[in-house]
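Grab a pencil and open the viewer. Here are a few exercises, each with a solution you can follow step by step.

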Protein chains: 2
Amino acid sequence: MSMTDERLARAYLVRVAEPPAPALAAFVAEWGPIAAAEAVRKGLCPQRVQGETAARRELNLAEPDLEAGERIGARLIIPEDDEWPAWPLLCLDVARGRGVQSAAVPLALWARGDARLDEAAEAAVAIVGARAASGYGEHVAGEFAYGLAQRELSIFSGAAYGIDGAAHRGALAADGVTVALLGCGLDAGYPAGHVVLLNKIAEQGGLVVSEYPPGTPPARHRFLVRNRLIAALSEGTVVVEAGRRSGARNTATTAGALGKIVMAVPGPISSAMSTGCHDLIRNSAATLVGSVDDVIDIVGKLGTRTTERLRPRRRTDGLGADALRVHEALGRGQGKSAEQVATESGVPVPRVRAVLPALELEGLAERGESGWQQCRAVRKTQESA
Amino acid sequence: MSMTDERLARAYLVRVAEPPAPALAAFVAEWGPIAAAEAVRKGLCPQRVQGETAARRELNLAEPDLEAGERIGARLIIPEDDEWPAWPLLCLDVARGRGVQSAAVPLALWARGDARLDEAAEAAVAIVGARAASGYGEHVAGEFAYGLAQRELSIFSGAAYGIDGAAHRGALAADGVTVALLGCGLDAGYPAGHVVLLNKIAEQGGLVVSEYPPGTPPARHRFLVRNRLIAALSEGTVVVEAGRRSGARNTATTAGALGKIVMAVPGPISSAMSTGCHDLIRNSAATLVGSVDDVIDIVGKLGTRTTERLRPRRRTDGLGADALRVHEALGRGQGKSAEQVATESGVPVPRVRAVLPALELEGLAERGESGWQQCRAVRKTQESA
């Protein structure tokens with residue numbers, strides 16, 4: 001991992017505010033990481049960004065953090081890297097544009113393991129559920145993860161006891177790719193009983209990921225903030241067991257708010273651990289799934305990225321409302337400035353500036369001498385497809 | 001039970017065709033039972049009615065049937081009786097008008113037990129399910145029936161082994177009203193293992209009901225035909241357990257076609273007996289219910305008759321599309337012929353003739369010297385309410 005200026009800037013930025021930091025995320029998207037870090041450090045930034053960063057802005061642990069990461073075999077994945085899962089994370093940006101404040105894009109992600117995060121997130125299902133799971137729930141989580149991993153889907157979860165652990169183990173048993181997203185630093189050794197499991201995940205072709213820098217202790221609010229990443233990085237979320245008020249239901253709600261597919265597994269009505277799933281199904285917040293095939297059917301039907309990869313001419317199918325408007329406003333013949341695009345699309349300038357780099361990473365837009373335009377290469381692919 | 005001419009005519013008619021006999025039902029509604037029976041006996045009736053009655057029209061067992069009924073403590077309930085559940089059965093008429101051929105109104109119903117069928121059907125829930133039920137399913141069926149019976153709802157079911165039996169027993173345990181609808185004669189002693197249960201139902205304030213005359217053996221197609229009555233006579237149907245292709249799913253489908261509420265209980269996905277329920281829920285053919293309160297919530301919300309009885313000014317709320325059009329077309333000041341009503345409402349004459357008597361039984365229409373009109377008495381009730 002090279003200690004480029006961008007990486008140092010992002011290592012500073014990812015620690016300077018407690019996630020989610022929507023104002024900082026928008027500021028960094030607009031200014032770029034280096035200028036943004038400099039501005040934050042000097043306190044020369046908009047008031048809301050100052051609010052998010054005031055407590056920690058004088059603390060620059062970028063170099064020690066990157067060194068600490070290296071010692072535990074972790075790297076800092078940044079949007080400037082090929083590995084950055086720009087496309088899946090775009091849904092956060094879109095949701096925030098719709099007013100979902102907690103849906104801030106992460107500024108960088110710490111990761112440990114051999115898998116590439118962007119590839120793992122290309123065709124992924126999240127399996128989440130109660131910590132105090134029943135034997136039935138753990139069995140179902142394991143079977144689903146095993147079956148889905150066999151079909152080449154990555155299994156994302158939160159590494160908690162109960163359903164999460166069973167899901168990770170099921171995917172490992174199928175030699176599949178599984179990604180654990182933590183609500184603490186990668187060196188926190190949490191949950192204590194899953195340290196061996198997390199090592200296995202990192203060593204056996206999976207990933208352990210967190211937006212929290214080394215040394216960050218676990219906290220309840222961090223699990224909730226982390227849930228948005230589980231939801232965003234997968235095509236759909238399967239809730240296997242959930243009590244009436246649970247973190248898993250929070251992930252399901254977040255996934256729904258991000259426009260992702262939400263699924264829930266039913267169980268005996270006598271089991272309190274199935275109550276949350278039954279509520280989600282009854283309220284039409286989740287589709288009932290009773291088998292791996294059910295999940296494949298639903299994710300396959302509604303999946304955007306998978307479909308899109310099969311049919312390149314429809315790459316824009318999965319774009320959110322703002323991204324689509326920005327993409328449409330981009331000229332084909334001549335480049336445009338962000339301001340011009342904003343005027344034509346009706347999307348505010350800062351949002352346009354946030355969306356354009358994501359479109360570029362996806363090969364849907366490119367920056368030429370005369371400004372931004374739709375990507376030539378993709379247009380060719382589209383026409384030849 | 002008096003052996004009136006109507007009753008003798010209906011005892012003949014209910015045996016002369018194998019239910020459902022939609023052409024005969026429409027013919028009887030139009031001509032009245034006495035003239036219709038005479039015409040059928042002589043073969044002087046429309047071709048489709050002849051088709052339904054040809055095999056048995058020369059067989060007049062009306063008197064022996066009524067005597068056989070008396071010997072087993074059974075009565076023949078006919079539409080001319082106060083006890084006839086005209087209102088709930090109207091949904092069959094409406095569904096047939098929409099083209100659901102199997103939804104023929106029964107010509108009469110054999111019944112054994114002290115309850116009044118019309119009263120039992122005023123606030124009723126059907127609980128149905130697999131014969132090869134699991135312990136879980138039987139437990140849930142019993143608990144639901146017990147809890148709903150405690151809330152003064154009658155429990156309708158089909159007296160089969162498994163879920164049906166558990167539902168009847170649960171209602172009896174709560175000293176509630178339960179009604180068993182059979183697909184054979186009341187004297188068939190079927191199912192053999194439930195003869196004692198059926199006697200208990202009849203003796204402990206419930207009813208055992210069938211449209212099949214004494215001596216009719218059970219048959220698979222009769223269970224399916226019977227299912228329409230379970231669905232029609234209750235506000236909603238709860239499917240507790242059902243395999244992928246089962247009679248209980250047939251009842252659920254019928255209930256849906258009749259515009260009734262369909263509910264299903266989830267269970268472990270590993271149980272084949274819950275597969276049918278999960279399919280119904282996933283396909284939005286049924287609402288998931290996990291408790292007695294869930295059922296009350298849903299039946300209370302959508303229930304028509306219960307609501308309607310509380311608010312007499314809205315008696316027409318529960319009417320089907322055709323019945324509503326016929327009711328609206330009836331004048332308030334002067335009577336109209338069926339033909340006039342047909343012209344004004346756009347509903348065909350035979351349908352108008354079938355719907356008018358049902359509206360009369362419900363106190364929504366009356367026949368004066370000048371023809372049919374909206375009922376004065378009800379108008380008064382409506383105005384004073």
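**Exercise 1. Find how many residues of chain A and of chain B are in contact, and how much area the two chains bury.**

Solution. Keep in mind that this is a predicted model.

- Step 1: count the contacts. On chain A, 17 residues are in contact with 17 residues of chain B.
- Step 2: look at the area. The size of an interface is often given as the accessible area lost when the parts come together. Here chain A and chain B bury about 1300 Å² between them, with 73% of it on carbon and sulfur atoms.
- Step 3: ask who gives up the most. In chain A, the residues that lose the most area to chain B are I269(A), R282(A) and L288(A), and together they make up 49% of what that side buries.

**Exercise 2. Work out which residue of chain B forms a salt bridge with R282(A), then describe the side of chain A that touches chain B.**

Solution. 

- Step 1: count the salt bridges. The rule finds two of them across the interface of chain A and chain B.
- Step 2: zoom in on R282(A). Its salt-bridge partner is D294(B), and the closest N and O atoms are 2.5 Å apart. The cut-off is 4 Å, so this pair passes.
- Step 3: Six residue pairs are in polar contact across the interface of chain A and chain B, both residues at pLDDT 80 or more.
- Step 4: see which elements take part. On the side of chain A that touches chain B, two or more residues each come from α8 (135-150), α13 (275-282) and β9 (287-288) of chain A.
- Step 5: sort that side by class. You get ten nonpolar, five polar and two charged residues.

**Exercise 3. Write down the strand order of the open sheet in chain B and say which are the edge strands.**

Solution. 

- Step 1: trace the sheet. Its nine strands run in the order β1-β2-β6-β5-β4-β3-β7-β8-β9 (chain B), and the pairing is mixed.
- Step 2: check the ends. β1 (74-77) and β9 (287-288) of chain B are the edge strands, as each pairs on one side only.
- Step 3: pick one pair inside. Strands β4 (residues 154-157) and β5 (residues 178-181) of chain B pair in the parallel sense over three bridges. Along this pair, F156(B) stands opposite V179(B) in β5(B).
- Step 4: find a helix on the sheet. Helix α10 (residues 195-203) of chain B packs there, touching β2 (109-112), β5 and β6 (207-210) of chain B. The direction of α10 makes about 110° with that of β6(B).

**Exercise 4. Parallel or antiparallel: in which sense do β10 and β11 of chain B pair?**

Solution. 

- Step 1: compare the directions. β10 (residues 365-368) and β11 (residues 371-374) of chain B pair in the antiparallel sense, over four bridges.
- Step 2: look at the link. A hairpin joins β10(B) to β11(B) through two residues.
- Step 3: G368(B) stands opposite G371(B) in β11(B).

**Exercise 5. Is the peptide bond from Y190(A) to P191(A) cis or trans?**

Solution. 

- Step 1: Most residues other than glycine have a negative phi, and most peptide bonds are trans.
- Step 2: read omega. From Y190(A) to P191(A) the bond is cis, with omega near -10°. P191(A) sits in the loop between β5 and α10 (195-203) of chain A.
- Step 3: finish with phi. D175(A) isn't a glycine, yet its phi is positive, about 55°. You'll find D175(A) in the loop between α9 (163-173) and β5 of chain A.

Technical notes. Residues are numbered from 1 along each chain as its sequence is written. Chains are lettered from A and ligands numbered from 1 in the order in which they are written. This is a predicted model: local features need pLDDT of at least 70, side-chain atom pairs count only at pLDDT 80 or more; totals for chains, interfaces and linings use all residues. Side-chain values use heavy atoms; hydrogens and water are left out. Contact means heavy atoms within 4.5 Å. Buried area is the accessible area (1.4 Å probe) that two parts lose on being put together, summed over both. A salt bridge is a side-chain nitrogen of Lys or Arg within 4 Å of a carboxyl oxygen of Asp or Glu. A polar contact is a pair of N or O atoms within 3.5 Å; within protein, one must be able to donate a hydrogen and the other to accept it, and residues adjacent in sequence count only if both atoms are side-chain atoms. Ala, Val, Leu, Ile, Met, Phe, Trp, Tyr, Cys and Pro count as nonpolar, Asp, Glu, Lys and Arg as charged, and the others, Gly among them, as polar. Two strands pair if DSSP finds at least two bridges between them. Axes are lines fitted to C-alpha atoms, for helices over the stretch in contact, and angles run from 0 to 180 degrees between N-to-C directions.
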